[in-house]
Each structure stands twice: as C-alpha cells, then as structure tokens.
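User: Can you take me through the salt bridges here, in plain words? I'd like a close look at who pairs with whom, and where the partners sit.

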Amino acid sequence: MTSRAYESYDELDVSTEEAPTVPPSEMLTPGNDSSCENRGLLSGPVNSYTEGAGNGNRSPSPMTPSKKTKARAEGEGSSKSEALFHVLKGNIGTGLLGLPNAFAYAGLPLGIIGMSVICVLAVHCMFLLVRCAKRLRETTEVQDLHYAKVAELAFRQLPDRFKPYGKHGKFVVNLFLILTQVGLCCVYVFFVARNAQQILHACNVTVSENVLIAVQLLFLLPGSYIRSLKHLAPLSSVATIVQVISVIIIFVFLATHMNVHTVQIMPKKPSLFFGTAVFSLEGICLVLPLESDMRDRSQFKQPLLQGMLVTSFLYLAMGILGALAFAQPDGSITLDLPSEGIAKNIPYIYVRLFYAFSIVATYFIQLYVPMAIMQRKAVKLMGKPLEKYSPYIMRTIFVGITAVIAVVVPRLDLAISLVGSFSSSTLALIFPPILELIIFWNERTRFMLAKNIFIVLFGLLGMVVGTFTALYEMINGCGRVLLQQHSGPDFPTHP
C-alpha cells in the first residue's frame, strides 16, 4: 500500500520535525487503547490519535489535490480487506486487558449490558464522524480531513458572530488528544512496571514499582528521541506479532479456568466500569485517516462495521471470561495470570514480557502526537537559541512527567478509568453528536435531536461521575499509602 495515512494531517505543526509519511500498515502499533486507546491485539490507542495533531493555521488549498487524493485517482489506496485489518488493528488495544476488572466493578449482568450499550454508542459515533466529514467535503471541497479539522470546519458553519471561534473547536479536540496521549503514556509506564515486578518476583527478586519506573527512563528517554515514525515501524511489527500470541494465550487460560461460583453479580463501583470500558474503545480518531486512505470512500462503512462488530465481541468475551475466572481481577488481566514458579508458568511469564515489550513500542509512537501538536509553540517559547534542541527538550520533559504521574498514581485500574472517563469519553461519545447537530442543523429531525442529546448527556454523566470517582479513589489510595508508611506494614493498603 503506497498511500500515506499521515498526509491528510494538514494541521501538523512539525516545522522542525520530519514529516510523517508512514502508511497505516507501518504506523499502527499495538497497545489502547485506544482509545485515543489508543490504542492492541493489533494496535493501540496511539495510532488512534495521531491524526488530530496540530494547532497551526496552515490548511491545504481545496483545489490542490493531496498525495492521498492523487493516489486514489491512480487506483491506489486501501482495499476493503486492508481497511478491515486496520480497523481491527487500531481498536483492539491494551484496554482489552482491563475489561475483566471493569466487569468485576459493574457485576457480570450490568457489565454485559453496559459494555454492549457503550460499544453501540461508540460505533454509532464513529459513523457520525464519517457522515460529518462526507458533508464537509461536499461543502468546503477540503478532501483529506481529520478529527480536529472536522471540528474547526463545523464550528465555522455556525452563525456569523460565532465563525471566528471555529479555530477553538479544533483547539479543544487537540487539547483532549494531548490529554489522552499523556494519560495513555502514564498508564503504559505503570503497566510495564507492574508486569516487570511480577516477572522479577517469579525469579525471587523483589524490586519496588518506583524503582522499575525509574529504570524505564533509561530506555524511554533515548527511544523518545527517535523523531521518524518510519524508524519505529520494524519495532511495531514485532510487537504486533508477540501481542497476538499473548492475547491467544490469555483467552485459552480464561476459557479453561472459569468458576461460576466466584462471579461478581451485584455492582460494586459501576462508575469505574464506565471509564475502563470507554478507555478500551479508543479507535474513533483513526476512522477518518482510514477512510481517507480507501480507494473508494463509499465502501468504508462495511469494513468499519465488520471490524467494530469483531472488536465488540472480543471485548465482551474478555470481560465475561475474566469475570468468570477471577472474583476480583487486578487492573490488567496479565497481573492475574499464574506467576509462582517459572518452569510451570513459563507461558504466562512470556505473556507479561511480550506485553511489556509491545507497550514500550507503543509509548514511542504515542509520543509523536503531543509533540507534533506542540512543536511550533515550543519553538516560540524557547526562542531561537534553543530551536534546534527544542524537540529533545520537549520529549525529555514529557517522558519525565509521565514517569512522575505513574509514581503518584496508586493503582493501575484507577489510572485507566480516569483517562477513559475524562478524555476518551469526550472524544468517543460527546464531540461527534455535537458536530452532527452543528453540520446538519437545518436537516435535523426530532429523532436526531433526541438521540444526540441522549448520547451527549450519557457521555457527560459518565465523564463527570467516572472522573470524580477515579480521582477520589486515587486521593484515598495515596492517603492510605502515606498512613501505611507511618503506621507499619500491617496497615491495609486497599479498602
């Protein structure tokens, strides 16, 4: 496939960055989540968000076809089967691993119903975004659109007194993209530390999580200085293979260790379920780049629907099997796999090792999005003398921030729920219905109005309650840790 997924991202502020020219087959990486997660089995929330980068004022001339448009005219671009593969690759991420824990919070019956509803709404919002982009292509003649550009053009269709605020629509989307990426990278650092700790424990070596987070900086910092996505493509390909193997092993383990007597039926903390469930559905920002990469955009809805049906089935299967296998799963199902004795549990040790490797690979590409968005601002802020070094300074600061936050967060499941509730729900559930109402206001029906208001209110309710609950649990958890340090090891660390 010769078409370039990133060439539609006209908003990229990469004045000192190498232009992104990596096709989806090379840029999409494991990890989810996807979201933005993300985020997976075949990819993660990373790739999901790269298309939103940018806060500059450059935009393509509507009469000048991009390379992607020319490629489609020459018969190149993705086929339906390739698009299906990339939809799967971009939506099945690390959020998959947290679903057993989410189902335990909601109880199995509510978990099944809640996950089904969230999947239906999230997929519907993906189709809303496609519909909005199609209309904007017809009315503005701008062909290659991404999430942030759709928001900008949509807000410029408001009455004249509101048109100057169109750029703020793009800014808000980009802001939530950055917040999502920061949150995802913090989750990744925490995830790697927890899994590495269990691997070392199986070898009778005890190391604290904070030490392992600090050790990660030794390779996260050098890796973050890689500024070309093309150089990360081989790492991404290897990570995809090992992650597919890991997911198969996990499903086999869960299917053979079900225990109906330990199932959590009654809800415990359903608000934390919402954030984790939405965190796993990070693929909405990947939709428009994949559509733009199609030979025939009109055929994109079929692979999108097929891919999301498969994704939703896998999410439900992971949540149900995980809830049947463990009464109270940890933040990631990898942490619940057997670890005592290397010889008899070597497959599960490899699962942790494989996933840790794939998450590190994903971290480097997740970094590309906030760096691309903030690059021009950073150059202005640091001034001419530091312009040459600004990309490396920004990356150093970003990696340091994600490590510090990972140290502060007391539990992995809370980090996942917070990211999902606050930023992922906004991108996946709240913005698309608002954009459709703006763009199709003159064609609105009572059903469209009621349906979109319901989705927005549902997303807002989950966002507010889920964010509050996750923050409360984090603060409470940090307080208990401090009390334990002053009261001795017998003080309980979990409620």
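Analyst: Let's start with a definition: buried means under 20% relative accessible area, exposed means over 50%, and partly exposed is in between (1.4 Å probe, protein chains only). This is a predicted model, where local features need pLDDT of at least 70, side-chain atom pairs count only at pLDDT 80 or more, and totals for chains, interfaces and linings use all residues. Residues are numbered from 1 along each chain as its sequence is written, and side-chain values use heavy atoms, with hydrogens and water left out.

Now the pairs. A salt bridge is a side-chain nitrogen of Lys or Arg within 4 Å of a carboxyl oxygen of Asp or Glu, and the whole structure has 12 of them. One of these joins Arg 135 to Glu 443, with 2.6 Å between the closest N and O atoms. Arg 135 sits in helix α6 (residues 108-140) and Glu 443 in the loop between α17 (412-439) and α18 (446-487), so this pair ties together parts 308 residues apart in sequence. Helices here are DSSP runs (H or I, at least four residues), numbered from the N terminus. Arg 135 counts as partly exposed because its relative accessibility is 21%, and Glu 443, at 40%, is partly exposed too.

Next, Lys 451 and Glu 436 meet at 3.3 Å, N to O. Lys 451 lies in helix α18 and Glu 436 in helix α17, so they tie together parts 15 residues apart in sequence. Both are buried.

Lastly, Lys 149 bridges to Glu 152 at 3.2 Å. Both belong to helix α7 (residues 147-155), about one turn apart, and both are buried. They're also linked with Arg 156 and Lys 170 in a salt-bridge network.

Notes: Helix = DSSP H or I, 4+ residues; strand = E, 2+ residues; numbered from the N terminus.
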